[in-house]
Amino acid sequence: VCPQLYTALHRRGCSSVAPRITTHYTIHPRDKDPRWEGVEMERFADEADVVIVGGGPAGLSAAIRLKQLAQEQEKELRVCLVEKASQIGAHTLSGACLEPSALTELFPDWKERGAPLHTPVTEDIFSILTEKHRIPVPILPGLPMRNHGNYIVRLGNLVRWLGEQAEELGVEIYPGYAASEVLFHEDGSVKGIATNDVGIAKDGSPKDVFERGMELHAKVTIFGEGCHGHLAKQLYQSFNLRESCEPQTYAIGLKEVWTIDEKKWRPGRVEHSVGWPLNRHTYGGSFLYHLNEGEPLVALGFVVGLDYSNPYLSPFREFQRWKHHPFVAPTLEGGTRIAYGARALNEGGFQSIPELTFPGGLLIGCSPGFMNVPKIKGTHTAMKSGMLAAEAVFPKVTAEDINSETAGLHVPEYSEMLKKSSIWKELYSVRNIRPSFHNYFGLYGGMVYTGIFYWILRGKEPWTLKHCGLDAHQLKPAKDCTPIEYPKPDGKISFDLLSSVALSGTNHEGDQPAHLTLRDDSVPVNRNLAVFDGPEQRFCPAGVYEYVPLDTGDGMRLQINAQNCVHCKTCDIKDPSQNINWVVPEGGGGPAYNGM
C-alpha cells in the first residue's frame, strides 16, 4: 500500500481484514464450495430459431418484425424472448418524448390497434436556468430539441402494448426469466443463453428448492438488454467488439410522475432546461412533460452525465433541488408524487458504437448505444435497429441450405444495413454535440458549438471529437473537491431517498446472494472510501450502498442493500475502482414500474 493511502486508511481507522460481502457464484465458484457437492447441476435445453434477450422496444420490435416476415413468406419460425422483469414493461423507464417514425413503419395502423400514444406535443420550451431566473432559448427549426410531430408517452405502457402485439403474432415471451450466461459452441460462436438459477441462499449455499436455469439455443441470439447490459459486457471482451471505437459514456436519468392541480395542467407541453443546479462543467439537464392520459399528470426528470468529477455530487439530490426552482416549483405545488425511478443511458453516440455482429449473435437498441444524445431520444432508433436486425437475420435462419463457417450464424449484413439506414445518418450528424461540452466554457461552449456547427453545417464538419475516456476514471480524489451542501427535503416538493425508492415498487427475494458483486471485498473501504469518500453512497439513486461502522467499532465496512436496487447500472459504470460487477438477480426481481 502506498504511504499516502496507508495514512488515509489509518486516519479513517479502516480494518486490515475486509468483512465478507460478496457470496455470488460468479465470484466464488461453486465447484470449489463443499456445500454444492452432490447437487444436480444439469440444465434442460430447448431449441429456437432466434432467441432475443430483453423485452424492451428493440427486442420486441425485432421479434415482431421476424414474425411479420414469417407470415408474409409463409414460413415456420420459432422466436423466443426472455425478459428479467416479472411483466413486460415493468423495468422500462424513459422520459419519454417519442419520435413515432419506427412505430409507424412497424405498424402503419398503430392508431387503429390502440397504441397508447395519447399526447401529441403542442408546445416546446427550452431554458437556461440560473439559481433564481430562467433564460428562454428559441428552438429553431432543424435543432435536435425540436419536438414537433412527436408524442409524450409512458414508455412502459407502449412496451406492454408491443408485447401484446408480439404474442398475437406468435412470439414466445418469457417474463421473469433473466438471461444470466452466454453459451458458446466449441468453435467459439454463440450458441444461446442460459437463464439464472433460483433457490440460492444469501450465503451462497443451495436451498432445498434450488432449481437450475434452462438453456435456450438458437441459430442467432439477439441481445437487446438496454443500456450497459451485463451479457453485452461479456461479449465485448469475448469478441473484442470495442477495439475500434471510443469508450461508451453514460448519464443517469432520474424520473418522477406527479398528479398536479388541473389548473396548472397543459397537455402536450414539453419543457427542457440546462444550467442550475449543475455547474457549467457538469453535463446534464431536465425535462417536464404534461401528459394527456385522462388525469392531470406530469412526468419530470433530471439527467446528469456520469463523467462528472466531484465525488460529493449526488444526482438524486440535484434532482430534488432542481424541483424548487421558481420556474418548476409552481407546477408541482399542491400536487402528489406517484412514481419514482432511475436508469442509466448511453451518451457516447456515433463514436462509441462497437462492432455489432459476431458468430451466432448481434447487438441491438440501447445495448450498443443508439441514443441521439442532444435529442434525448433513443426509442425510435432502438426499434429501427431491432427491425433491421430481423430483416437481416430472417433470410439466414430460414434458408434451406444453411452454409455457415461457424455453428452459430454470423449476420454481418445487419451492420451493413444499419450503415445505410436513417440511424447512422442521424447519429453521425450529432456526433460532436456531446463531446463539444469538454471545453473551458463547458455547457456554454457546447451550446455555442451546437449553434454554429450543427445548426449551420448539420454535422457535416470534417472532424469527429473524442470523449474523455471512461466515466469511472473522471472522479477526482475527495481531498481535491469541495463537499456539496444539499438542502433538506421538505416532503412536499423534494423527498428523501428511501421514500422515493418505495414508490418504484422495487422488490427482490431477500434470501439470495447480492447481485451487486465485488471483485474484491477490500476495495470499497481501502480505496473508494479512503480516496473518494465513498461516492457509491451518492451516485446510487436507490440507497443500495452504505458505509457503516464495524461491530468492533474500529473502522467502517460497506453494506450492500441489494433489495433496493432499481437495476439502473450506475454503480457498474461509475465505480472509480471498477470493482462492482452487476449481475442478474433471481428473475422477476427489481422495480415494478407502472408506465414509466
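Helix α2 is followed by glutamate 74, whose phi is positive, near 50°. The model is predicted: local features need pLDDT of at least 70, side-chain atom pairs count only at pLDDT 80 or more, and totals for chains, interfaces and linings use all residues. Residues are numbered from 1 along each chain as its sequence is written, and side-chain values use heavy atoms, with hydrogens and water left out.

The mean pLDDT (the predictor's confidence in each residue, from 0 to 100) of the protein chain is 93, and 97% of its residues reach 70 or more. Over residues 1–16 the pLDDT is below 50.

Helices (H or I, at least four residues) and strands (E, at least two) are DSSP runs, numbered from the N terminus. Together with β1 and β2, α2 makes a right-handed β-α-β unit; right-handed means that, with the strands pointing away from the viewer, the path from the first strand over the helix to the second runs clockwise.

Strand β2 (residues 79–83) is largely enclosed by the rest of the structure, because five of its five residues are buried. Val79, Leu81 and Glu83 point one way from β2, whereas Cys80 and Val82 point the other way.

| Strand paired with β2 | Sense | Bridges | Facing residues |
|---|---|---|---|
| β1 (residues 45–53) | parallel | four | valine 53 and valine 82 |
| β8 (residues 172–175) | parallel | four | isoleucine 173 and leucine 81 |

Notes:
Contact means heavy atoms within 4.5 Å. Buried means under 20% relative accessible area, exposed over 50%, partly exposed in between (1.4 Å probe, protein chains only). Two strands pair if DSSP finds at least two bridges between them.
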